[in-house]
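Subject: Structure handover

Hello,

Here is the structure for your files. My notes on it follow below.

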Amino acid sequence: MKKNALPPRPFSFKKSNLMKILAVGLLFSLGACSDDEDGFETQPHDQNKMMGIMHDMMDDMEMMQMNGDPDVVFAQMMIMHHQGAIDMANEELSSGDDAAIKAIATKVKTDQQKEIQELQAFISSYQPDQATSNMFNMELMESMEKSGRQSDLQVLTGDTDQDFAQLMIVHHQSAIENARAVQEHGTSTMIKEMAHRMINAQMAEIEELQEWLLANKEY
């Protein structure tokens, strides 16, 4: 008596075979990308001039002694922070190509030079009325650490306009956080008013830089 034939097995890949096929496909895909001379290229952070300026600024701020009145500590830190923005703006004006980004860099440089003078005048004339605030100092340090991580996560290309726009957004976000902290913990009316102006001006510049990046991104 003839045995019943087994039904045909459905076509299937073994997991190992499927993984081999996917791996080969990925290699072809990567090869195609690497051969594209017009593709998106990145630059290591330790070779990037804008990133070098950011790191120098962060190093200076980390060495600062934060053991005074919150308004004075804020003023001292923001002088260093503003100088970093000015140095970045100078690099953009020296090496950048885009007229819109150069205009933003010029405004950043002008505004922050003026504010440095105001902050220096404040430090020389203000009579501190508070002891050191550990809570305020902690907020500033957390902001610095966050800014450092965020800047180190940016994809940089060596294109001065692109790199300035990306890193100045991170820079401004840090300044806004510091300004909000001193609004909460400080007592000086002058510093609170300066902080308010900083927040408004730098939020507007962040929006300009974001819009430019969306219109000019290379990816």
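A residue is called buried at under 20% relative accessible area, exposed at over 50%, and partly exposed in between, with a 1.4 Å probe and protein chains only. On that basis, 40% of the 219 residues of the chain count as buried.

First, the conventions. This is a predicted model, in which local features need pLDDT of at least 70 and side-chain atom pairs count only at pLDDT 80 or more, while totals for chains, interfaces and linings use all residues. Residues are numbered from 1 along each chain as its sequence is written, and side-chain values use heavy atoms, with hydrogens and water left out.

Overall layout

The chain has seven helices and zero strands, in the order α-α-α-α-α-α-α from the N terminus. Helices (H or I, at least four residues) and strands (E, at least two) are DSSP runs, numbered from the N terminus. A contact means heavy atoms within 4.5 Å. Among contacts in the chain with a separation of 6 or more, 79% are between residues 24 or more positions apart.

For helix lengths, the expected span is 1.5 Å times one less than the number of residues. H2 has 14 residues and should therefore span 20 Å, which agrees with the 20 Å between its end C-alpha atoms. Its buried residues are Met50, Met51, Ile53, Met54, Met57, Met58 and Met61. They are on the same side of H2 because they cover an arc of only 155° around the axis; the arc is that of the directions from the helix axis to the C-beta atoms. These buried residues of H2 pack against H3, H5 and H6.

Helix H5 (residues 134-153) has 20 residues and reaches 29 Å from its first C-alpha to its last, close to the expected 28 Å. Buried in H5 are Phe136, Asn137, Leu140, Ser143, Met144, Ser147, Gly148 and Ser151. Their arc around the axis is only 135°, so they lie on the same side of H5. The face turned away from that buried side carries the exposed residues Asn134, Arg149 and Leu153. Cover for the buried residues of H5 includes helix H2 (49-62), helix H3 (70-95) and helix H6 (160-185).

Met58 counts as buried because its relative accessibility is 8%. Neighbours within four places in sequence aside, Met58 is in contact with Met144 and Gly148.

A pocket is found on a 1 Å grid over the protein atoms alone, as an open set of points where a 1.4 Å probe fits, with protein on both sides within 12 Å along at least five of seven lines; lining residues have an atom within 4 Å of a point. Grid points are joined across faces, edges and corners, and a volume is the space filled by probe spheres set on the points.

The largest pocket has a volume of about 170 Å³. Two or more lining residues come from each of helix H4 (99-125) and helix H7 (189-216), and H4 gives the largest share, seven residues. The lining includes Lys107, Asp111, Glu118, Arg197 and Glu205.

Also in helix H4 is Gln120, which is partly exposed, with a relative accessible area of 43%. Gln120 and Gln76 are 44 residues apart in sequence and 8.0 Å apart in space, C-alpha to C-alpha.

Regards
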